[in-house]
Amino acid sequence: MKTNRLGHWLAIFFGTLYFLLPLVATFEFSLRKLRGVYSFEAYRVVLADPQFQSSFVYSVVLAVITIVFGMAIIVPMAYFVELRLRKLRPFVEFVTLLPLVVPAIVIVFGYLRLYNSSSLLPLTNTSTGTSFLLTCGYVTLALPYMYRSVETGLRAIDVRTLTEAAESLGASAGTIIWRIILPNIRSAMLSGAFLTFAIVIGEFTFASLLNRPAFGPYLQLIGANRAYEPAALAVMAFMITWACMGLIQVISRNTVAARP
Amino acid sequence: MSFIEISHLRKSFGANTVVHDFDLSIDKGEFVSFLGPSGCGKTTILRMIAGFETASAGAIQIGGTEVTHLPPSRRKVGMVFQAYALFPNLTVAGNIGFGLKIAGKDKGEIDARVAEMLELIKLPDLGSRYPYQLSGGQQQRVALARALAVKPEVLLLDEPLSALDAKIRVSLREEIRALQRDLGITTVFVTHDQEEALSISDRIVVMNEGRADQIGTPSDIYNNPATRFVASFVGTLNLLEARVVDPAAGRLSIDGQPVMTTRDLSAFGIADETTVALRPEALTLGDGNGDRNTLSGTVEEVAFLGAVIRVRVRLSEARLSLDLFNDPALQLPRIGAPAAISFKREDLLVMDRR
């Protein structure tokens, strides 16, 4: 029994060491910009860099647009699949998982072939068009996470009976989605939104190949040219991801507490 | 002209027909129950009345208006579901006022109607609670108030008591019936519980394999079952094989013992085999007088069921059960002792050939 417990603690110790040691080392390294003392100089330099600010704001804006755009597509689709087309559920699940199987680089080359300057829909001719294309790519990339979150939320409520109850009270499909379904899957949608945010903020392949000033390519650029700043950026990127995960936990815990 | 007219209604899912050529007329203010086992088509008919299922053939009229192809939101029906279906994100008041809000009523009117409905369901102080803060019985009351708040022409109840415990079920069904009488609203109630249907309905439709086996008052259904299925589904019943001896005189024999019935035997010939039925509560122990039938047998089992004691008696082949009211002074028969059972001639039910 004692040996067993010791084994568990050893497993936890080595697991924690495996995950935390590189992070602690990176953090420690990021504090060494000034010779002989620990300081947040690398963070100050990064935060003061106008390119950091613009690329970060650009990625945040795109993440928000991706979330809105993605939810506008996924919520009604998942709702109607749950309500009327349950037989199609395995097929839809398969389709939504495809972005995990098809590499991002394949998708982006597909986009470039379809929407380049000599195509019928030359989206890459303008920066707005290219940003739109990048948003579409992000929606595709976030599809598995968004769909799964929303679907989990929908499965937790009796979509069919709630819809029928609202219909019998005179509500239209739009009203039912807006007033009944969305409020009841809010925490699931927020989970999907934070996951999407975390993915978009650090995404490199799409943004780089579409040549957009996003945070991912900026991370790569700094990484190639500076010593301490990339470590500071890596720590900041982790903090953003953790903040998103923490918010998911807080929201789901509050939801559970509110509805025992 | 009836208030609800259902004519030649059929519903098929692919090759599987679940409702066959169903006809029913329901008067205004009537309380009609659909009673039957799972899969008999009762809920499908209710859902077709509500508009949640599309009829494969036939027509439904409500108040003289053809509604067969109207969406649920335009049928003026209120529905109460087995699973309550209260909107979890809305308070009790929000739930009750939902339909009125959709109809564009002003806030004052909504508040007044919500207060009125809360009084009606005897939950005047719970308007600000959320559904998860209520018991099952309270949730179902709120669901009823929500359905009634919009003043529907028809109230549809889809097994609304099934998810509740026994005591609440009895009290709530009495409340539902009292409310229905007060409001005079035409109501269709679906249940698989015969006691519920018998106690609450003006008329009962007994469903079997997508067809109405019998439509009648609770007393009719119980005392004069039209088919073997109705007889066996509604109440406990002894089903016995009998031979017709003299159809004109109403004479039969059960296990070789002569009995008489007041039921019509004109459809049978001499020596035809038929099935007869006897309710356990129609039988008494001991010889009857000249007007009563008497069967002789041996006591096989005595079971104490609380309010009643069920005695099983074996004739030469057939077995039948009879119920005695529990009385401490009652001398219970011994197992293996000879016993005579008597019953009135009109209590001997003769099943048709279906």
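Reply: Two strands count as paired if DSSP finds at least two bridges between them, and strands (E, at least two residues) and helices (H or I, at least four) are DSSP runs, numbered from the N terminus. This is a predicted model, where local features need pLDDT of at least 70 and side-chain atom pairs pLDDT 80 or more, while totals for chains, interfaces and linings use all residues. Residues count from 1 along each chain as written, chains are lettered from A and ligands numbered from 1 in written order, and side-chain values use heavy atoms, without hydrogens and water.

An automatic or database assignment divides chain B into domain 1 (4-232) and domain 2 (236-350).

Start with strand 16 of chain B, which covers residues 292-304. On one side, look for strand 17 (residues 308-314): 6 bridges join these two strands of chain B, and they run antiparallel. Find Phe304(B) and you'll see Ile309(B) of strand 17 standing opposite. Strands 16 and 17 of chain B make a hairpin, with 3 residues between them. Gly306(B) sits in that turn, and its phi is positive, about 95 degrees.

Strand 16 of chain B has another partner too: strand 19 (residues 338-344) of chain B, again antiparallel, over 7 bridges. Here Ser296(B) faces Ala340(B) of strand 19.

Strand 1 (residues 4-13) of chain B is joined to strand 2 by 7 bridges, and the two run antiparallel. One pair to pick out is Ile6(B) with its bridge partner in strand 2, Leu24(B).

So how do the domains meet? Taken over C-alpha atoms, the centres of domain 1 and domain 2 of chain B are 39 Å apart. Between them they bury about 680 Å², with carbon and sulfur atoms giving 42% (buried area is accessible area, 1.4 Å probe, lost when two parts are put together, summed over both). On the domain 1 side of chain B, Tyr222(B), Arg228(B) and Ala231(B) lose the most area to domain 2, together 65% of what that side buries. Helix 7 (218-223) and helix 8 (228-233) of chain B each supply at least two residues of the domain 1 side that touches domain 2. Between these two domains of chain B, the count is 0 salt bridges (a Lys or Arg side-chain nitrogen within 4 Å of an Asp or Glu carboxyl oxygen).
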